[in-house]
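Welcome! Have a look at the sequence and the 3D structure below, and keep them in view as you read this short briefing.

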Amino acid sequence: TIYGDASGNSRTTKSTRTDYELIRDMFRGEPGYRFVMRQNTANPAVRDRVNTVNTMLKSASGTRNIFIHPNCRELLKDLRQVKWRRDSSCNPTGDLDKSDQHRTHVSDALSYLVAQEWGLFPSGGLMPGLVQ
C-alpha cells in the first residue's frame, strides 16, 4: 500500500505523467505484489496532520496507538527534530520549519498514512457534526 499527498497526482510542464502513474507502472506486472494506492485528493491541514500523529503516538490519556520501530532512524529523527517555523518575534507560524532539507519528508509521509487510515483529529473548535 502506497500513501501520499495530492501533489503526486499533478502533471507539470516537465512531465506528461504524474508521480503516481510512474509508481503504478513500476509495480505493474511484478509477481508477488498486490499494489494499492491511497493518496489524498486534497491535502489535510498541516496542523491537523501533526496533531493526529502526535495523538496516535500518545494521546492525552496516555494511550499509544502507533509504535515506531527503532530501525526507522530517519523517521525518529524527524519526530524529534521537526518544529514549527517562527516569525521575527519568535511566535510559531503554523507552518513547519523546512530549513533543514533532510527533515519533514519522512514525518509528512507518516502523517498521510495516519490521516488515511485513522482520520484526522481536529486541532480545535467544535467536532464536525456536533450540534450546539
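Let us look at both partners, then at other salt bridges, the overall layout and the confidence of the model.

- Is D97 buried or exposed? D97 counts as buried because its relative accessibility is 19%, and the cut-off for buried is under 20%.
- K83 has a relative accessibility of 52%, so K83 counts as exposed; the cut-off here is over 50%.

**Other salt bridges**

- How many salt bridges does a search of the whole structure find? The search finds 9 salt bridges.
- One of them joins the side chains of R103 and D78, at 2.5 Å from N to O.
- Another salt bridge brings together the side chains of R28 and D25, with 2.6 Å from N to O.
- R28 counts as exposed because its relative accessibility is 55%, whereas D25 has a relative accessible area of 32% and is partly exposed.
- R17, D25 and R28 belong to one network, joined by salt bridges that share partners.

**The overall layout**

- The protein has 4 helices and 4 strands.
- In which order do they come along the sequence? The pattern reads β-α-β-α-α-β-β-α.
- Of the 132 residues in the protein, 23% are buried.
- The protein exposes about 9500 Å², and carbon and sulfur atoms supply 51% of that area.
- If you take the contacts between residues at least 6 apart in sequence, 56% of them join residues at least 24 apart.

**A closer look at T63**

- Where is T63 found? Look in the loop between α2 (46-57) and α3.
- T63 has 38% relative accessibility, so T63 counts as partly exposed.
- The side chains of T63 and S61 are joined by a polar contact of 3.2 Å.
- Setting aside neighbours within four places in sequence, T63 is in contact with T55, L57 and K58.

**How confident is the prediction?**

- The protein averages a pLDDT of 83, and 86% of the residues score at least 70.
- Which helix or strand has the lowest confidence, and which the highest? Strand β2 (residues 37-39) is lowest, with a mean of 82, and α3 is highest, at 95.
- Over residues 125-132 the pLDDT falls below 50, and this stretch has 3 contacts in the model beyond near neighbours in sequence.

Definitions and conventions. Residues are numbered from 1 along each chain as its sequence is written. This is a predicted model: local features need pLDDT of at least 70, side-chain atom pairs count only at pLDDT 80 or more; totals for chains, interfaces and linings use all residues. Side-chain values use heavy atoms; hydrogens and water are left out. A salt bridge is a side-chain nitrogen of Lys or Arg within 4 Å of a carboxyl oxygen of Asp or Glu. Buried means under 20% relative accessible area, exposed over 50%, partly exposed in between (1.4 Å probe, protein chains only). Helices (H or I, at least four residues) and strands (E, at least two) are DSSP runs, numbered from the N terminus. Contact means heavy atoms within 4.5 Å. Accessible areas come from the Shrake-Rupley method with a 1.4 Å probe; for residues, only the protein chains shown count as cover. pLDDT is the predictor's confidence in each residue, from 0 to 100. A polar contact is a pair of N or O atoms within 3.5 Å; within protein, one must be able to donate a hydrogen and the other to accept it, and residues adjacent in sequence count only if both atoms are side-chain atoms.
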